[in-house]
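Please read it beside the sequence and the structure shown here.

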Amino acid sequence: MEKIQMKKILLLVALPLLLCACGQSEEKTKQPDLRVNVYSDYWQYCTQEQAQEMTKATDAETMLKAANCWGYLAHQGEDKLDRYERAINGRDLALKVAEAEPDNADAHYLAAYLNGLGAKNNPWEALGLVKLLEKEALRTIELDPTLNKAGPHRMLGSLYLKAPGSPVSVGDYEKSLEQFEKAMAIAPDYYKNRIGYAQSLVANDKFDKGCAELEAVVKDLPPEDQVDPDLLEDITLVKEQCAANK
């Protein structure tokens, strides 16, 4: 049991697979890294200087642009501590907007996602950040569950799938499947929803349906160099589980 929980704690740090991207070193990136935009669907290219300047703003629109910018930068570079700090910079801005504008779905969504991205880059903080991620994602669902192709449902589905279970954390395979079913109801053709749905089906021992879904979505994937490497690893893992249960 301890080994299983430890494995899930390690998996937890990769939970932003639903949106995450891996980019080149910021210092080497002179032009927008188009792969990042393809992977995440949500971020816009920006520079550290732009993020710092926009962070000084006090209006909600610019603060959210700054949070988005920090999110883009948190995908860049090889220093995980730098990436963690950038993600938390963006999260804190989004939380300020969410506090001032409780019905701002984008603010809650960015806060949830950037919190998860911070956890990915700082495993020691991962378990402590889970509750905030869950809270902000749930609030986003109340406001706009369709945001970023069912992003908040996808986020929670991944969280419940990869986090350790009770009493350590919030992991729950049945809740994961419920969230991915809701994501599929909103955006059934989006490949990230379909991959997560297949994963959660297999985790719930629904191998026939899960493996069939995985086989189908793999045929419809974008070119491999346009798919988040974390997702490719997940696909490989589920394929192995399907092969082992034939």
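The crossing of helix 11 and helix 12 is left-handed, a term used where the near helix is turned anticlockwise from the far one by less than a right angle, clockwise being right-handed. The contact, meaning heavy atoms within 4.5 Å, is made by Phe 207, Cys 211, Leu 214 and Val 218 on helix 11 and by Ile 235, Val 238, Lys 239, Gln 241 and Cys 242 on helix 12. Sorted by class, this contact has 7 nonpolar, 1 polar and 1 charged residues, where Ala, Val, Leu, Ile, Met, Phe, Trp, Tyr, Cys and Pro count as nonpolar, Asp, Glu, Lys and Arg as charged, and the others, Gly among them, as polar.

The model is predicted, and local features need pLDDT of at least 70, side-chain atom pairs count only at pLDDT 80 or more, and totals for chains, interfaces and linings use all residues. Residues are numbered from 1 along each chain as its sequence is written, and side-chain values use heavy atoms, with hydrogens and water left out.

Helices (H or I, at least four residues) are DSSP runs numbered from the N terminus.

A search of the whole structure finds 2 disulfides, each defined as a pair of cysteine sulfur atoms within 2.5 Å.

| Disulfide | S to S | Angle about the S-S bond and hand |
|---|---|---|
| Cys 46 and Cys 69 | 1.9 Å | 110 degrees, right-handed |
| Cys 211 and Cys 242 | 2.0 Å | -100 degrees, left-handed |

Cys 211 lies in helix 11 and Cys 242 in helix 12, so this pair ties together parts that are 31 residues apart in sequence. Both Cys 211 and Cys 242 are buried, which is to say under 20% relative accessible area, with exposed being over 50% and partly exposed in between (1.4 Å probe, protein chains only).

As for the other link, a disulfide joins Cys 46 to Cys 69. Cys 46 lies in the loop between helix 2 (34-40) and helix 3 (48-54), and Cys 69 in helix 4 (residues 60-73), so the pair ties together parts that are 23 residues apart in sequence. Cys 46 is buried at a relative accessible area of 6%, and Cys 69 counts as buried at 1%.

Terms used
Helix = DSSP H or I, 4+ residues; strand = E, 2+ residues; numbered from the N terminus.
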